[in-house]
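Subject: Handing over a structure

Hi there,

I am passing a structure on to you, and I hope you enjoy looking through it. Below it you will find my notes on what turned up.

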Amino acid sequence: MSIAITHSPIPTESATETLARLTGWHSRMREQFPIITAHPDLAYLDSSATAQKPQAVLDAVGDYLVTSNANAGRGTYGWANATTDLVDAGRESVHEFLHDDRAHPSSVTFVDGASSGLRKVAQDWLIHNLDDGDEIIVPFADHQANALPWLEVQQMLAARGRTVTVHPLPYEESGSGDYDIDAFMRLLGPRTRFVAATHVHHVYGNDMNVHRIRNACGSDTVICLDAAQSVGHMDVDVSTLDVDFVVFSGHKAMALPGIGAVWARNARGAAFESAGWPGSPNTTGIVSLRAAFEWLNAAGLQKVHAWTSSLGAVLTDGLSRLDSYEVLGCQSSLTLDSQVQRRLGTVTFRHRDVSSNDLGFVLDSRGFMVRADGHCQARAGEDSASVRVSLHVYNTEDEVDRLLGVLTELDGAA
Ligand SMILES: Cc1ncc(COP(=O)(O)O)c(C=O)c1O
């Protein structure tokens with residue numbers, strides 16, 4: 001197996017230089033989002049929750065519904081065959097989008113989204129591949145969708161008389177939001193069978209550099225990657241990212257809600273086979289996913305990544321100049337020209353004196369759609385609420401400047 005490399009580049013130009021270089025390209029991308037252009041006074045800053053859809057995705061779904069809508073894998077007439085072909089093409093588009101070089105047998109299983117996909121890996125694979133005394137490592141400060149399914153497996157196996165130890169994947173004590181790889185290595189033992197990790201953190205926005213996890217645990221341990229915040233935001237390349245499962249939601253990658261996928265490498269342990277009768281596939285979802293991937297490939301994922309992480313750097317830089325705000329996560333990525341990996345356009349912060357919920361209401365009243373709560377972190381602290389701004393290719397420097405203007409008004413407000 002190849003040694004994985006990270007895909008989040010260390011910047012070679014300042015964030016403002018990147019934004020200036022990409023400005024013409026960005027205008028052409030933004031104008032393809034009808035919901036965005038129809039509401040110039042509003043700023044949608046919640047793309048980690050769900051991404052807006054370009055016209056090409058809406059058109060693909062509309063065209064399918066008016067030309068060949070039928071069920072897949074069942075009928076033998078023209079529309080049914082065309083729909084079956086579209087489902088196959090959708091599956092192929094997932095392999096291609098993830099750069100699956102087919103060096104190993106692999107599979108794509110369509111699911112409702114990341115939550116149902118992670119649970120599917122737990123119920124259709126993990127539970128059948130753990131013995132009494134085995135150990136697994138799970139990220140409890142990440143999204144609960146990537147913690148609860150593994151605990152459920154532990155409980156179900158306990159009911160069958162099998163004891164599985166679940167270790168929390170350790171994080172840096174500094175609050176950087178990064179995994180503590182030295183502490184992780186101390187947890188590893190001969191019975192470590194499975195590690196669940198996250199590609200990009202949904203609160204701190206950082207690339208968790210999971211190649212370190214593979215390097216630490218060697219080639220035998222199965223790694224399941226929650227890629228809900230990376231697919232559609234950056235290039236996700238399974239030919240270099242040495243993990244066994246990649247799970248994501250389509251709606252966060254500009255496709256319709258209700259579609260997602262489990263990609264499985266099927267090289268370690270038993271092959272992943274979806275259990276049970278799958279039922280009718282979500283054909284419109286699959287059509288939308290393929291169209292979203294085509295759109296993102298044409299836009300250029302490196303540019304999408306560079307644009308959103310540079311906008312995020314402008315925002316963090318502005319916030320770090322205001323006394324009342326604390327930006328969560330890695331502090332060394334806060335400046336415009338820092339030579340460290342940038343966040344992926346997700347910036348989360350708190351006001352010293354104003355509650356995050358109140359801040360969310362104020363921002364909403366001024367036209368900024370942000371997320372203000374505990375962000376579904378599996379095990380968050382008492383004061384877990386914070387304000388999350390998550391950016392995508394349709395967001396502008398002007399929106400970030402206007403947001404910083406409002407936050408500056410509230411600087412020092414009690
Ligand atoms: C990192 C991460 N994993 C999993 C999920 C769950 O995704 P979904 O709600 O689409 O199932 C989310 C949603 O925000 C997420 O951010």
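Helices and strands here are DSSP runs, helices being H or I with at least four residues and strands E with at least two, numbered from the N terminus. Before going further, please note that this is a predicted model, in which local features need pLDDT of at least 70, side-chain atom pairs count only at pLDDT 80 or more, and totals for chains, interfaces and linings use all residues. Residues are numbered from 1 along each chain as its sequence is written.

H99 is not a glycine, yet its phi is positive, about 55 degrees. H99 counts as partly exposed because it has 13 C-beta neighbours inside 10 Å. For that label, a residue with 20 or more other C-beta atoms within 10 Å of its own is buried, one with 12 or fewer is exposed, and anything in between is partly exposed, with C-beta atoms placed from the backbone.

R102 also lies in the loop between α4 and β2. R102 has a positive phi of about 60 degrees, although it is not a glycine. With 8 other C-beta atoms within 10 Å, R102 is exposed.

Next, a pair of helices. α10 (residues 301-320) packs with α12 (residues 397-409) at an angle of about 15 degrees, and their axes are 10 Å apart. Axes are lines fitted to C-alpha atoms, for helices over the stretch in contact, and angles run from 0 to 180 degrees between N-to-C directions. α10 and α12 are therefore roughly parallel to each other (under 35 degrees is roughly parallel, over 145 roughly antiparallel, 65 to 115 roughly perpendicular, and the rest oblique).

Which residues in α10 meet α12? They are L311, V314, L315, G318 and L319, and they meet E397, V400, L404 and L407 in α12 (contact: C-beta atoms, placed from the backbone, within 7 Å). The residues of this contact divide into 7 nonpolar, 1 polar and 1 charged (Ala, Val, Leu, Ile, Met, Phe, Trp, Tyr, Cys and Pro are nonpolar, Asp, Glu, Lys and Arg charged, the others, Gly among them, polar).

Finally, T37 is in helix α2 (residues 34-37). T37 is exposed, with 12 other C-beta atoms within 10 Å. T37 and Y394 are 357 residues apart in sequence, but 9.3 Å apart in space, C-alpha to C-alpha.

How values were computed. Contact = placed C-beta atoms within 7 Å.
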